[in-house]
Amino acid sequence: MSLQKAVIEIDPQDRGPNLPDRITVQFNPSEYTLSKGAQIAEIAIPGIDSPILQFVRGQNEKLTLELFFDTTGDGMGEDQVTDVRTLTDPVYQLVKIQGNTHAPPRVRVSWGQGLSFRAIVESVQQKFTVFNPHGIPLRAALSVTFREYKTLEEQLNELNLQSSDHSKQHVVRLHETLSRIAYEEYGDSSQWRVIADEPANAGLVDNPRRLLPGTRLTVPALDVFGNPKGNT
């Protein structure tokens, strides 16, 4: 079985004149790191032990690769030497703005069947460690961070957000607030105003923090953008 090398493919629509269509690594990485986070807001409420946590949005997944380049095999003297930057510069260019798009290019990092990651390069750090007597670098280690790239349509399709096709009825319980109802129904307490502004609830919500127990509220369905269905 032949060794499969990791490859960085540049999107043809984003590729500037100084970029190749693909960059094949000299040596496969010994490891890579994937990370993803979520932005969480703290909602302070006087008198409770800890703030309420509210999900705000997800964050892009990140891929970090450690790449190694070496040209000492070509010689280290004055006549027979290969500057290792001839191998590292194409990777370094991926973080720079391209003249045709005014942005860094979109890329896809692939490694056999185990990795396929569409992204934009967020950062590149080069470290040169071996030089010939004339100061030409012959060995380098690159730490490259890729930030996941997805279109809005792709993200909405992956989320497969679910909401009822029809409005619901919710009977207010003791000490229940509109924010609490929005969290139970939508998973997002900040959507309380959608319920408050529902025409069927006119006159039933004087204070969103003080609801009359037993009140029957209409909870409108939301579309994937968080708007009441039927609204533009």
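1. Partly exposed denotes a relative accessible area between the buried limit of under 20% and the exposed limit of over 50%. Phe 68, at 38%, is therefore partly exposed. Phe 27 also has a relative accessible area of 38% and is likewise partly exposed. These assignments, like everything that follows, refer to a predicted model.

2. The two phenylalanines form a ring pair. Their ring centres are 5.6 Å apart and their planes meet at 45 degrees, so the pair is classed as tilted. The count of aromatic pairs comes to two.

3. Which residues have the most contacts inside the largest nonpolar core? They are Leu 94, Val 109, Leu 142, Val 144 and Phe 146, in a core of 24 residues. Two or more residues each are contributed by strand S1 (7-10), strand S6 (62-70), strand S7 (106-111), strand S8 (115-131) and strand S9 (137-148). S8 provides the largest share, with five residues. A separate core of nine residues lies apart from this one and includes Leu 178, Ile 181, Leu 217 and Val 219.

4. Beyond its neighbours within four places in sequence, Phe 146 is in contact with Ile 8, Glu 61, Lys 62, Leu 63, Leu 65, Val 107, Val 109, Phe 117, Ala 119, Ile 120, Val 121 and Glu 122.

5. Asp 11 is positioned in the loop between S1 and strand S2 (22-24). Its relative accessible area is 18%, and because the buried class covers values under 20%, Asp 11 is buried. Its side chain reaches the backbone nitrogen of Gln 13 at 2.9 Å. When residues up to four places away in sequence are not counted, Asp 11 touches Arg 106 and Arg 118.

6. Ser 189 is located in the loop between H3 and H4. At 13% relative accessibility, Ser 189 counts as buried. What does the side chain of Ser 189 make a polar contact with? The partner is the side chain of Gln 54, at 2.6 Å. Apart from neighbours within four places in sequence, Ser 189 is in contact with Ile 43, Gln 54, Ser 179, Ala 182 and Tyr 183.

7. The second largest pocket has a volume of about 590 Å³. Its lining comprises 17 residues, and those nearest its centre are Ile 43, Ile 45, Thr 177, Ser 179 and Arg 180. Strand S5 (52-58) and H3 each supply at least two lining residues. H3 gives the most, with four residues. Ile 43 and Ser 179, named here among the residues nearest the centre of the pocket, are also contacts of Ser 189.

8. Ala 196 is in helix H4 (residues 192-196). With a relative accessible area of 24%, Ala 196 is partly exposed. Not counting residues up to four places away in sequence, Ala 196 touches Leu 178 and Val 205. Leu 178 is one of the residues of the nine-residue core. The C-alpha atoms of Ala 196 and Thr 218 are 9.3 Å apart, for a sequence separation of 22 residues.

9. At 61% relative accessibility, Leu 174 counts as exposed. Its C-alpha atom is separated by 8.2 Å from that of Leu 211, which is 37 residues away along the chain. The other is His 175, also placed in the loop between S10 and H3. His 175 counts as exposed, at 72% relative accessibility, and has a positive phi near 65 degrees although it is a residue other than glycine.

10. Where is His 102 found? His 102 is in the loop between helix H1 (85-92) and S7. Its phi is positive, about 60 degrees, and the residue is not a glycine. At 65% relative accessibility, His 102 counts as exposed.

Methods:
Residues numbered from 1 in each chain as written. Predicted model: local features only at pLDDT ≥ 70, side-chain atom pairs only at ≥ 80, totals over all residues. Heavy atoms only, no water. Core = buried A, V, L, I, M, F, W, Y, C linked by side-chain atoms within 4.5 Å. Buried < 20%, exposed > 50% of the residue type's maximum accessible area, 1.4 Å probe, protein only. Contact = heavy atoms within 4.5 Å. Polar contact = N/O pair within 3.5 Å; in protein donor to acceptor, adjacent residues only side chain to side chain. Phe/Tyr/Trp six-rings, centres within 6.5 Å; stacked < 30°, edge-to-face > 60°. 1 Å grid on protein atoms, 1.4 Å probe; cavity = no way out; pocket = protein on both sides within 12 Å on 5 of 7 lines; lining within 4 Å. Points joined across faces, edges and corners; volume = space filled by probe spheres on them.
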